[in-house]
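Student: I would like to learn how to read the features of a model like this one. Could we take them one at a time?

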Amino acid sequence: MMTSVDTDLMRALGDPLRLRIVTLLARETLCTTHLVEETGARQTNLSNHLRVLREAGVVETEPCGRFTYYRLRPDVIEALAGQFAALAETARNHADTRRACP
């Protein structure tokens, strides 16, 4: 069963721009400047989305001079994928289970 932490994680990944950010960070560690260039989003909007991803534990930061680099945390994505795999397995195992109507 999904927990409230998982729900927060799902919400964080549910936004199209945040999903794009995560997809970009899966390929390489990027700073905000790179993400602005890649997404076309405004810096303030992007910073807000990065904050949501940081708070959900999806990305971590690495200061580098006056820049902050963002890195995807693959373990968080793997854990969520594992929960979805378990949910799919439960559905397969109970495909013929049906509750009778009153």
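Tutor: Start with strands: two strands pair if DSSP finds at least two bridges between them. Helices (H or I, at least four residues) and strands (E, at least two) are themselves DSSP runs, numbered from the N terminus. Here strand 1 and strand 3 pair in the antiparallel sense over 2 bridges. Leu-30 is the residue opposite Tyr-70 of strand 3.

Student: What should I keep in mind about the model and its numbering?

Tutor: The model is predicted, so local features need pLDDT of at least 70 and side-chain atom pairs count only at pLDDT 80 or more, whereas totals for chains, interfaces and linings use all residues. Residues are numbered from 1 along each chain as its sequence is written, and side-chain values use heavy atoms, with hydrogens and water left out.

Student: In what order do the 3 strands of the open sheet lie?

Tutor: The order is 1-3-2, with antiparallel pairing. Strand 1 (30-31) and strand 2 (59-64) are at the edges; each has a single partner strand, so one side of each lacks a neighbour in the sheet.

Student: Over how many bridges do strand 2 and strand 3 pair?

Tutor: Strand 2 and strand 3 (residues 67-72) are joined by 6 bridges in the antiparallel sense. Cys-64 has Phe-67 as its bridge partner, Glu-62 has Tyr-69, and Glu-60 stands opposite Arg-71. The two strands make a hairpin with 2 residues between them, and Gly-65 in the turn has a positive phi of about 65°.

Student: How are packed helices described?

Tutor: Two packed helices are described by the angle between their axes and the distance between the axes. Axes are lines fitted to C-alpha atoms, for helices over the stretch in contact, and angles run from 0 to 180 degrees between N-to-C directions. Helix 3 (residues 32-39) packs against helix 4 at an angle of about 110°, and their axes are 10 Å apart.

Student: What word describes how helix 3 and helix 4 stand to each other?

Tutor: Angles under 35 degrees count as roughly parallel, over 145 as roughly antiparallel, 65 to 115 as roughly perpendicular and the rest as oblique. Helix 3 and helix 4 are therefore roughly perpendicular.

Student: Which residues make the contact of helix 3 and helix 4?

Tutor: Contact means heavy atoms within 4.5 Å. Helix 3 contributes Thr-32, Leu-35, Val-36 and Thr-39, and helix 4 contributes Gln-43, Leu-46, Ser-47 and Leu-50. For classes, Ala, Val, Leu, Ile, Met, Phe, Trp, Tyr, Cys and Pro count as nonpolar, Asp, Glu, Lys and Arg as charged, and the others, Gly among them, as polar. In this contact there are 4 nonpolar, 4 polar and no charged residues.

Student: At what angle do helix 2 and helix 3 cross?

Tutor: The axes of helix 2 (residues 16-27) and helix 3 cross at roughly 115° and come within 11 Å. Helix 2 supplies Leu-17, Arg-20, Ile-21, Leu-24 and Leu-25 to the contact, and helix 3 supplies Leu-35, Glu-38 and Thr-39. The classes here are 5 nonpolar, 1 polar and 2 charged.

Student: How does helix 4 lie relative to the sheet strands?

Tutor: Helix 4 lies across strand 2 and strand 3, and runs at about 115° to strand 2.

Student: Within helix 4, is Leu-46 buried or exposed?

Tutor: Buried means under 20% relative accessible area, exposed over 50%, and partly exposed in between (1.4 Å probe, protein chains only). Leu-46 has 0% relative accessibility and so counts as buried. Apart from residues up to four places away in sequence, Leu-46 touches Ile-21, Thr-32, Leu-35, Val-36, Thr-39 and Ala-41.

Student: What about other residues of that helix?

Tutor: His-49 is in helix 4 (residues 43-55) and is buried, at a relative accessible area of 10%. Neighbours within four places in sequence aside, His-49 contacts Asp-15, Leu-17, Arg-18 and Ile-21. Asn-48 also has its place in helix 4, but is partly exposed, with a relative accessible area of 42%.
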